[in-house]
Amino acid sequence: MKNDSALMFTCSLIEFIGRKQKLSRTDVVRSLGKENITRIYKYADVLHCETIEQVADEYITMAEIGTGEYDNIKKCKYEVPDYWTIGEVYERLIEDVDQHNTIETLHEVYFSWISEAISNYNSDFFYQPRDYIRECYLEGEVLEG
């Protein structure tokens, strides 16, 4: 199992933008589009030199990402995981299921049911072991213990 730091940065940036703009992570991916996501992924090592706030603001402006009503932070009854933690959950899942193209797999994951499950901070789903999250994704549902 590899550790793709460019993918983690990309997923963390998606999470950061979603929180800032109050959008589901699916809507952030849709708004950014594959071209911008590919650019973020390709140049993550350079973009990482700036603060994530600066990079987010640049892409929010460039992609004209509006503000929505999705606020999973406000709905959270417990400690909110930071955007790096959630970025890592997505990064690991994408790595674990990617068989052809990282950006395509990123799209598949963010446009699937699991994106909402990961964004539900009132559950412990995002804290589960990566193998469990992978199997849930592949089965298409949360697996019973």
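Does Tyr110 count as buried or exposed, and at what relative accessibility? In this predicted model, Tyr110 has a relative accessibility of 0% and therefore counts as buried, since the limit for that class is under 20%.

A search of the whole structure finds eight aromatic pairs, and one of them joins Tyr110 to Tyr90: the ring centres are 4.1 Å apart and the planes meet at 10 degrees, so the pair is stacked. Because Tyr90 belongs to helix 5, residues 83–97, while Tyr110 belongs to helix 6, residues 102–110, the contact ties together parts that are 20 residues apart in sequence. Tyr90 is buried as well, with a relative accessible area of 1%.

Another of the pairs is formed by Trp113 and Phe125, and here the geometry is tilted, with 6.4 Å from centre to centre and 50 degrees between the planes. Trp113 lies in the loop between helix 6 and helix 7 (114–119), and Phe125 in the loop between helix 7 and helix 8 (130–139), so this pair ties together parts that are 12 residues apart in sequence.

Elsewhere, ring pairs link Phe9, Phe16, Tyr83 and Trp84 into a cluster. A contact of another kind involves Tyr70, where Lys75 lies over the face of the ring at 5.9 Å from the ring centre.

Definitions and conventions:
Residues numbered from 1 in each chain as written. Predicted model: local features only at pLDDT ≥ 70, side-chain atom pairs only at ≥ 80, totals over all residues. Heavy atoms only, no water. Phe/Tyr/Trp six-rings, centres within 6.5 Å; stacked < 30°, edge-to-face > 60°. Helix = DSSP H or I, 4+ residues; strand = E, 2+ residues; numbered from the N terminus. Buried < 20%, exposed > 50% of the residue type's maximum accessible area, 1.4 Å probe, protein only. Lys NZ or Arg CZ within 6 Å of the ring centre and 35° of its normal.
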